Amino acid sequence: MADPTVFPPLEIPQTIAAGPGPGNTDPRVLQRFASAGVADHMQADVLRGMIECKKMLRQVMGTANVHTFGVAGTGWSGLDAMFNAVLPGDKVVVFANGTFSGIDGLTVRMKAATAEELTANPMDPQPASVTVVTVPHGQSVTAEIVEDALARHKPKWAAMAHWETGSGRINDLRGFSDACERYDVMGLVDAVSSLGVEDFSIDDYPGVHGWASCPQKGICCLPLTYAPVSFTDRYIQNLRATGCRSFVHHPILEARHWGIIDGKDVEKGTYHRTHSAYAVAAFHEALRITLQQTVAARASSYAFHEAALRDAVTAMGCTVTSNMTSLVVLNLPKSLAGREAELVQNCRAQGFGIWPTLSEPVQVRIGILNLLNQPAITDIVTRFGAAMAAMGAEVDMGAVNGRLENHYAAAVAAA
Ligand SMILES: *Cc1c(COP(=O)(O)O)cnc(C)c1O
């Protein structure tokens, strides 16, 4: 007989999500999520909400691409849809400089592998048609690296992460797009970490034909909702000609439910799969918040608060190696070197959700997604300093707090 236990209701505590993601969900998003009525996926307001989301998403992404919509699920769901246009035997160059672009590379290798190549190494295929250009952890993908590789290989596709969250590095999107244009390559970009954090318009990068992001980082919509994607007409024409081996993550088919049919906006969507009224309402509110605050204002707020955090941890003796504005990736001072995992574990045990890096070398990652105010940053700095002190580091919290207060006082004075 099966174990008859009914477990008690699941209680999950409030923690400080101070990692690379997920970000802290805005209360307004949770409010919309919880107050949506039960309505099926073809009910008029659900369909209208999806059309409105699509239109707001185009503004957030800065695009006139008709094929701009959300793929139900997480960042990988959107990336899977984007990479679905890559078929067995396709020539691809992937730039990898950390955990996530590494997984993008694996995804591409799985899709570009021929049947024989996949059977030869099912979990980690090494297709002859895919070149992975590996850039060391802690470094960015530069225009020169992209230029060299595309000139040499002349692939059909090239893929890169815009912001590599594993090491906290910003890659050269301009250089990538320009090189793609020069060699007539279709660029595919993982914009999971940058969308809603950096102020950029995807239409300014014409070498890039596919974009995929996520709900839970810069868009601050963790209640499992939609991974934003956008595709140019050229990407869609290519896909129309080749087809792909997926129904649910087919960029042309999936777009139908968002009211995008035969390359045009139509008044309401047609069935593709069951969408949740709760998810649509939450995503809709997250996009409204982003547009009300504006992407530009958010971007400058991230830069400002990241600078405060960077300065504070540097004053504690840490060395910051990242250049993203939503995340600080650091090495601990020499006296604590090698104890990164232990420090992170101690913090996490107290509901302070920072992260280690997931690939070597082990570093500490502290994120500020949707934690854009002085009390939140001060709380992070205070907790981090206390965790370092508890492990024996000498931290002058008085001096650190003084610097933090100056940073914020200077901004008030300037304003
Ligand atoms: C977080 C992240 C992903 C994966 O997103 P999920 O929402 O966990 O599926 C992929 N790429 C990058 C660059 C990321 O930061």
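This is a predicted model: local features need pLDDT of at least 70, side-chain atom pairs count only at pLDDT 80 or more; totals for chains, interfaces and linings use all residues.
Residues are numbered from 1 along each chain as its sequence is written. Local features need pLDDT of at least 70 and side-chain atom pairs count only at pLDDT 80 or more, while totals for chains, interfaces and linings use all residues, and side-chain values use heavy atoms, with hydrogens and water left out.

**View 1. The largest pocket has a volume of about 460 Å³.** Of the 20 residues in its lining, Gln14, Thr15, Ala17, Gly23 and Asn24 are the closest to the centre. By class, the lining holds nine nonpolar residues, 10 polar and one charged. A pocket here is an open set of points on a 1 Å grid over the protein atoms alone, where a 1.4 Å probe fits, with protein on both sides within 12 Å along at least five of seven lines; lining residues have an atom within 4 Å of a point. Points are joined across faces, edges and corners, and the volume is the space filled by probe spheres set on them. Ala, Val, Leu, Ile, Met, Phe, Trp, Tyr, Cys and Pro count as nonpolar, Asp, Glu, Lys and Arg as charged, and the others, Gly among them, as polar.

**View 2. The second largest pocket holds about 270 Å³ of space.** Look for Trp76, Phe100, Val192, Gln216 and Lys217, which lie nearest the centre among 19 lining residues. Helix 3 (residues 75-83) gives the most to this lining, with three residues. Domain 1 (27-292) and domain 2 (295-414) each supply at least three; the domain bounds come from an automatic or database assignment. Helices (H or I, at least four residues) and strands (E, at least two) are DSSP runs, numbered from the N terminus.

**View 3. Seven strands form an open, mixed sheet in the order 1-9-8-7-4-2-3.** At its edges are strand 1 (67-72) and strand 3 (130-134), each pairing on one side only. The twist averages 20° from one strand to the next. Strands pair if DSSP finds at least two bridges between them.

**View 4. Four strands form an open antiparallel sheet in the order 12-13-15-14.** Strand 12 (319-320) and strand 14 (355-356) each have a single partner strand, so one side of each is left without a neighbour in the sheet. Two bridges join strand 14 to the antiparallel strand 15 (residues 364-367), and Trp355 stands opposite Arg365 in strand 15.

Notes. Axes are lines fitted to C-alpha atoms, for helices over the stretch in contact, and angles run from 0 to 180 degrees between N-to-C directions.
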